[in-house]
Amino acid sequence: MHKDQKKLTAEEYKKKKLKLNPSEKVLLAQIERESQDGKHTFVDSAKAGMSATRIRALAVKGFITCRRQANSTLYKCRALAPGEEISFEDRFYIQYTKKSEAIKDAAQATYILNRFCKNKRLCSYETKEEIYSLKGQMVNYLYEKGLCIESYRQKIKMPNCDICKDRPAFKKDEKCDSCGRKGGLNDQFYVFRFKVGNKTYQWHQPIDLFPHEVTVTKELAPMNKLKSKDIYLKPKEVKEKLALLKWLLQLG
């Protein structure tokens with residue numbers, strides 16, 4: 001179900017179906033007949049009256065799900081029940097006919113989720129860990145797609161703490177007794193700038209977590225710990241953006 005669609009009652013669904021053109025009605029009737037009990041059917045867009053445009057039109061209007069099979073004219077389809085909400089994954093297959101458009105939206109979703117992690121009230125530890133994991137995978141994905149336009153190296157700025165200065169390396173999750181800060185004060189990061197469509201994004205990635213050798217443009221001055229920038233997202237928005245990243249990464 002698309003963002004602008006609402007759950008329909010059986011009566012509303014029936015009225016909406018009446019607005020379909022004759023060829024769409026015939027195609028929908030066939031898919032409904034062949035995909036009973038939630039099963040899928042295959043529709044060949046090369047056959048008369050079964051064009052890809054017509055199949056996708058039914059999907060966009062919220063009557064069916066459809067996935068084009070790789071290097072084929074076949075579409076895997078299933079009729080939706082009145083009021084049934086389509087899964088994120090099925091909607092992405094309908095929404096994105098070009099992978100480049102999905103990459104643009106996924107990059108924007110990564111940017112928003114990365115900011116959402118700073119919201120300590122709404123972003124749980126588990127969600128934060130999932131976001132950072134997917135962000136790392138997206139950084140690698142965009143880098144492999146050749147979308148990186150600049151790469152730097154940067155360290156975290158050493159805090160004004162005598163104990164930390166004497167002992168800069170802490171075990172994982174161990175904190176300094178004096179300032180309360182976690183270890184990793186000498187952690188080094190790559191700073192990547194990506195050009196995706198007409199937008200530019202910049203993300204940090206720990207050097208030891210990035211799998212490729214990187215040609216560094218320059219060394220940046222040590223940075224302070226990034227300040228929190230709260231951003232509000234509804235739970236469903238978070239789930240949708242996470243689902244988009246997973247879907248795109250799975251496509252490769």
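Leaving aside its neighbours within four places in sequence, which residues is E24 in contact with? They are R54, A57, L58 and K61, where contact means heavy atoms within 4.5 Å.

First, the basis of the talk. This is a predicted model, in which local features need pLDDT of at least 70 and side-chain atom pairs count only at pLDDT 80 or more, while totals for chains, interfaces and linings use all residues. Residues are numbered from 1 along each chain as its sequence is written, and side-chain values use heavy atoms, with hydrogens and water left out.

The overall picture. The protein has eight helices and seven strands; these are DSSP runs numbered from the N terminus, with helices being H or I of at least four residues and strands being E of at least two. Of its 252 residues, 38% count as buried. Buried means under 20% relative accessible area, exposed means over 50%, and partly exposed lies in between, with a 1.4 Å probe and protein chains only. Among contacts between residues at least 6 apart in sequence, 67% join residues at least 24 apart.

Back to E24. E24 is found in helix α2, and at 6% relative accessibility it counts as buried. L58, one of the residues that E24 is in contact with, lies 34 residues away along the chain, and the C-alpha atoms of the two are separated by 7.1 Å.

Now helix packing, starting with α2 and its partner. Helix α1, residues 10-18, packs with α2 at an angle of about 135°, and the axes are 10 Å apart. Axes here are lines fitted to C-alpha atoms, for helices over the stretch in contact, and angles run from 0 to 180 degrees between N-to-C directions. The two helices, α1 and α2, are therefore oblique to each other. The cut-offs are under 35 degrees for roughly parallel, over 145 for roughly antiparallel, 65 to 115 for roughly perpendicular, and oblique for the rest. Y13, K17 and L18 in α1 meet K25, L28 and E32 in α2. By class, this contact of α1 with α2 has three nonpolar, no polar and three charged residues. Nonpolar covers Ala, Val, Leu, Ile, Met, Phe, Trp, Tyr, Cys and Pro; charged covers Asp, Glu, Lys and Arg; the others, Gly among them, count as polar.

The second pair is α3, residues 52-60, and α4, residues 88-95. Their angle is about 140° and their axes are 10 Å apart, so α3 and α4 are oblique to each other. On the α3 side, R56, A59 and V60 meet Y93, I94 and Q95 of α4. That contact of α3 with α4 comprises four nonpolar, one polar and one charged residues.

Next, α5, residues 99-116. At 1.5 Å a residue, its 18 residues should span 26 Å, and the end C-alpha atoms are 25 Å apart, which agrees. The expected span is 1.5 Å times one less than the number of residues. Among the buried residues of α5 are A102, I103, L113 and F116. What covers the buried residues of α5 includes helices α6 and α8 and strands β5 and β6.

Last, two backbone points. Most residues other than glycine have a negative phi. D37, not a glycine, has a positive phi of about 60°. D37 is found in the loop between α2 and β1, and at 75% relative accessibility it counts as exposed. N71 also has a positive phi, near 50°. N71 sits in the loop between β2 and β3 and, at 81% relative accessibility, counts as exposed.
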